[in-house]
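Here is a short briefing for a first look. Start with the structure, then read the points by topic.

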Amino acid sequence: MNTDIENLFKDKVIGHPAGLFVLFFTEMWERFSFYGMRVLLVNFLTMAAIGYNPGWEWSVENAGALFGTYAMLLYITPIIGGWIADKYTGYRWAVIIGSLIMTLGHVSMALETEFSLYLGLVLLVIGTGFFKPTMTSIISEMYKKNPEKKDGAYTIYYMGVNAGAFFGMMLCGYLAEKVGWAYGFGLAGVFMLLGTLQFWLAGSLFGSIGAKPSEIHEVELPQNINENSVVVGEVEVEEKPNPFTTLDKVLIIISSILGLGYAINDPLSKIGGVDIFSALQVGPLDGQYVAVFIALLLFAILVIGRILRYTRVVRHRMFAFIIFAFFTVFFWLSFEQGASSLVIFARDNVDRLLSGSSATIFNIINTLLTVVPLIIISYVLYVLWRKTFSKIPGSNIVLVICFIAMWGVVGWMLNRDFNTTAYDVTYNAIEQPDMDENGVQKTNEKGELQFKYVPVTLNMKVNDTKNMVSRTITVGAPFVDYKVGDKQLIINKNKELTEFSFITTEERKQNLKNHAASLKKDTGFVNAIVTKVRDNEVEITVSWFSILNSFFIIVFASFFSKWWESKYNPSAATKYALGLIIMAVGFGLLAFGSMGMVEGVKVSMVWLILAYLFHTLGELCLSPVGLSYVSKLVPARMIALMFGMWYLAIAIGNKLAAVLGGQIENITKEYSLSTFFLIFTIVPLVAGLLVFALNPVLKKLMHGVR
């Protein structure tokens with residue numbers, strides 16, 4: 001009688017079981033939703049409250065505090081979710097439960113109220129806890145009798161991850177920025193729900209795989225032959241059991257409570273003014289940071305205490321692992337600027353307007369960038385349909401609906417960009433001296449006095465017109481045909497009042513009026529006259545730059561894979577050093593590109609594109625290395641704790657990234673934008689040089705593990 005695994009391998013798609021591609025699409029839609037929301041959150045929270053696409057006008061510091069806690073918890077809850085899946089629900093039901101909870105989270109965020117936002121983030125954190133650890137567990141179970149195919153399976157799976165991230169950030173970001181935030185958050189929820197449905201309807205394809213919790217939890221440990229042994233050279237040495245003591249458990253509980261307390265308290269104190277750690281304040285040091293110090297100290301005592309109970313070789317290997325985990329924090333605190341400070345930089349400081357031939361070239365490149373991968377993935381769906389429609393028709397139909405919807409959104413997006421025209425318009429503004437903190441008028445690099453220009457809105461009463469001037473700006477609009485002399489309403493797009501959009505429909509005009517009335521503020525509507533019709537124009541969305549990471553991963557991943565398999569494969573420490581140093585180069589380019597930049601001046605997008613390129617190359621050097629060394633360096637009895645520790649390092653890196661990224665406005669105001677990026681140049685550079693210098697020490701500590 002054939003087993004479920006043997007049956008799975010009967011229906012092959014591109015040499016792999018069809019079930020793998022069901023998981024591929026499930027992960028793709030989940031990543032679509034996750035990254036689609038992720039790229040919007042900080043932008044939405046910090047966008048001007050009165051404008052073409054109003055946000056909440058939070059400070060970047062407050063937005064970073066909230067996002068950092070959200071990102072941190074995403075790496076904590078999977079530890080609990082994985083345990084629940086192992087013990088109670090099974091992997092497949094954990095995927096469905098997690099997906100449904102995340103769908104509710106996206107729906108909640110689309111409502112755009114303060115309560116619904118917080119509720120949505122909580123639901124997304126809980127749902128991710130169920131979803132994240134289970135998908136790879138199903139793949140592992142599927143391939144346990146075909147281990148030689150597992151590397152290829154994970155490669156295909158991670159292509160689904162990057163495809164989902166790519167299209168999620170592009171399409172959710174485009175809808176949110178061009179139409180409205182609710183549409184972006186809503187699109188993420190729609191595809192999350194459809195992805196859940198297609199996975200649930202494909203359940204019969206997997207048989208009992210992942211359906212019920214296993215009585216014995218299997219862990220793949222290539223260099224740890226059994227739970228109580230460790231490999232030294234070619235010899236398996238028996239290792240004495242090292243059970244958790246009562247003190248160990250107490251330390252875990254206390255450090256966990258303090259760590260989670262900080263994660264919650266940070267945004268709570270900054271946004272809500274409630275500090276649950278105020279009693280711990282020491283001098284100028286906030287109580288929450290004292291709590292963090294205590295938590296880290298207790299956790300260090302726990303880890304070191306347990307390590308010292310092992311034999312010499314095991315101790316050394318685990319110390320090596322801790323060193324890698326430590327430097328992981330510095331990588332992610334820099335890399336994850338892509339979710340906070342780089343979003344703000346792209347929005348406020350990068351020249352994203354293209355017109356004429358430049359706009360045409362971008363539209364062609366963007367079309368190829370979008371359509372070609374979508375054609376490839378659609379072909380995979382076609383092959384899957386042919387192989388499995390008789391077995392799982394419902395799942396295939398849902399997938400077809402998903403792709404029809406995605407092709408529709410892509411077609412609408414590209415058509416909109418190809419049919420956007422640029423117009424020069426004039427409007428009246430009040431000229432005001434641009435003063436510094438000391439009350440002295442600012443000057444530019446040429447020594448010329450600087451001014452600010454406040455647009456004269458419909459509701460503004462202007463008694464003295466001596467400082468009123470006429471300003472000319474370029475504004476783009478899709479699917480309209482204005483003529484010279486036409487009078488049109490425009491409204492600001494950012495807090496700096498330097499970019500504007502036409503109000504092209506009565507519906508948007510009324511919605512903006514109602515929104516301003518609810519805030520008891522001026523509508524911000526400005527009368528303008530069209531003075532010139534220009535060529536086609538495209539304004540690149542803020543979220544577009546975030547897709548570059550996924551694109552570069554797809555382009556360069558195979559090169560790095562071949563490098564690691566060649567005789568030139570560098571040591572783990574060298575890979576870490578390369579990852580950190582290459583990351584630093586990316587931020588160094590941003591620091592150089594923004595050097596000497598004054599208010600109102602924007603930098604070329606080339607600097608940001610290059611930065612994302614180097615950040616991705618750094619990620620490809622470092623990111624895949626870490627988890628593989630958990631199984632290679634850690635004895636089986638410590639595997640759960642060390643996996644948790646590894647994800648804790650990433651969680652801390654994500655939280656620090658958002659907290660430090662939230663200082664972009666403060667540091668830019670006090671020093672310069674170049675100084676801000678210089679921080680993220682120096683920190684990973686120094687960390688990279690340190691880990692490279694530790695290479696001989698790490699080799700000795702690893703005792704032959706490569």
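This is a predicted model: local features need pLDDT of at least 70, side-chain atom pairs count only at pLDDT 80 or more; totals for chains, interfaces and linings use all residues.

Residues are numbered from 1 along each chain as its sequence is written, and side-chain values use heavy atoms, without hydrogens and water.

**Nonpolar cores**
- The largest nonpolar core has 181 residues, and Phe25, Trp29, Met406 and Phe545 touch the most other members.
- A nonpolar core is a set of buried (under 20% relative accessible area, 1.4 Å probe, protein chains only) Ala, Val, Leu, Ile, Met, Phe, Trp, Tyr and Cys residues joined through side-chain atoms within 4.5 Å.
- Helix H2 (residues 18-46) gives the most to this core, with 18 residues.
- Helices are DSSP runs (H or I, at least four residues), numbered from the N terminus.
- A second, separate core of 14 residues includes Ala429, Val475, Ile490 and Phe502.

**Helices H9 and H15**
- The axes of H9 (residues 181-201) and H15 (residues 393-418) come within 7 Å and cross at roughly 160 degrees.
- Axes are lines fitted to C-alpha atoms, for helices over the stretch in contact (heavy atoms within 4.5 Å), and angles run from 0 to 180 degrees between N-to-C directions.
- H9 and H15 are therefore roughly antiparallel (over 145 degrees).
- Residues of H9 that meet H15 include Phe191 and Leu194.

**Phe559**
- Phe559 lies in helix H17 (residues 547-565).

Terms used. Buried means under 20% relative accessible area, exposed over 50%, partly exposed in between (1.4 Å probe, protein chains only). Helices (H or I, at least four residues) and strands (E, at least two) are DSSP runs, numbered from the N terminus. Angles under 35 degrees count as roughly parallel, over 145 as roughly antiparallel, 65 to 115 as roughly perpendicular and the rest as oblique.
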